[in-house]
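Here is a short walk through one protein model. Keep the sequence and the structure in view as you read.

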Amino acid sequence: MRVVEGIADVDDLDAFLDRLNGIAADHGVTVQAFDARYVVGRRHLDRAVELADRAFDRGENVARERGVEILLYAAGRRQIDDALEMGVNEGRTPVAVVVSDAGGGRESEAAAAAAVDDLLEPAATLDDVDAERVRAFFDVTEAEIGATDGDLTDLVEERVALLDVEK
């Protein structure tokens, strides 16, 4: 899996998503874009991909498309409409785009990642976590943070992992 970071200037969301879907189709990979302000780091996305792939392997996936299943896990939600808040919207947005070949094709991932990179203004988007936005989206309370030895990243990753339990 590769993660492409940058700033997306999206005037027409459907056109932007069509371009990402075209890249995915051209290279035989999954391309899923996230509003980076909801992502707590690369491990968050790694875990979502791992769990989505496991769900497909077991025939337990909720979504028909691998990218949507990855989005569901990353968002810690079973409802696609709820998870879409974590996706890209119109406007100028920091994004993190997952490029992944379930078959492990490194060359196809690299080529697709380069094509995605061409759509974005270069920027490190996973370095700064919007803690308030993340806490609100994942419903993490101050009491919960105070009651654990972990941090916000750990609690979000727990929500991602617990999605299997909630099925």
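How many bridges join strand β2 to β3, and do they run parallel or antiparallel? Strand β2 (residues 30-35) is joined to β3 by 6 bridges, and the two run antiparallel. Strands here are DSSP runs of E with at least two residues, helices are runs of H or I with at least four, and both are numbered from the N terminus. Two strands pair if DSSP finds at least two bridges between them. Within this pairing, V31 has V99 in β3 as its bridge partner.

A word on the source. This is a predicted model, in which local features need pLDDT of at least 70 and side-chain atom pairs count only at pLDDT 80 or more, while totals for chains, interfaces and linings use all residues. Residues are numbered from 1 along each chain as its sequence is written, and side-chain values use heavy atoms, leaving out hydrogens and water.

Now turn to strand β1 (residues 2-10). It runs antiparallel to strand β3 (residues 91-100), and 9 bridges join the two. V3 has V98 in β3 as its bridge partner. G6 stands opposite V95 in β3. β1 also pairs with strand β4 (residues 121-122), in the antiparallel sense, over 2 bridges. There G6 has P122 as its bridge partner.

β3 is largely enclosed by the rest of the structure, because 7 of its 10 residues are buried. Buried means under 20% relative accessible area, exposed means over 50%, and partly exposed lies in between (1.4 Å probe, protein chains only).

Next, the helices. Helix α1 (residues 13-27) packs with helix α5 (residues 106-117) at an angle of about 155°, their axes 9 Å apart. That makes α1 roughly antiparallel to α5. Angles under 35 degrees count as roughly parallel, over 145 as roughly antiparallel, 65 to 115 as roughly perpendicular and the rest as oblique. On the α1 side, L20, I23 and H27 make the contact; on the α5 side, S108, A111, A112, A115 and V116 do. Contact means heavy atoms within 4.5 Å.

Look at S108, which sits in helix α5. It counts as buried because its relative accessibility is 18%. S108 touches H27, V29 and D101, not counting residues up to four places away in sequence.

Finally, find helix α3 (residues 66-75). It is mostly covered, with 9 of its 10 residues buried. Among them are R66, E69 and Y73. Just after α3, G76 takes a positive phi of about 65°.

Notes:
Axes are lines fitted to C-alpha atoms, for helices over the stretch in contact, and angles run from 0 to 180 degrees between N-to-C directions.
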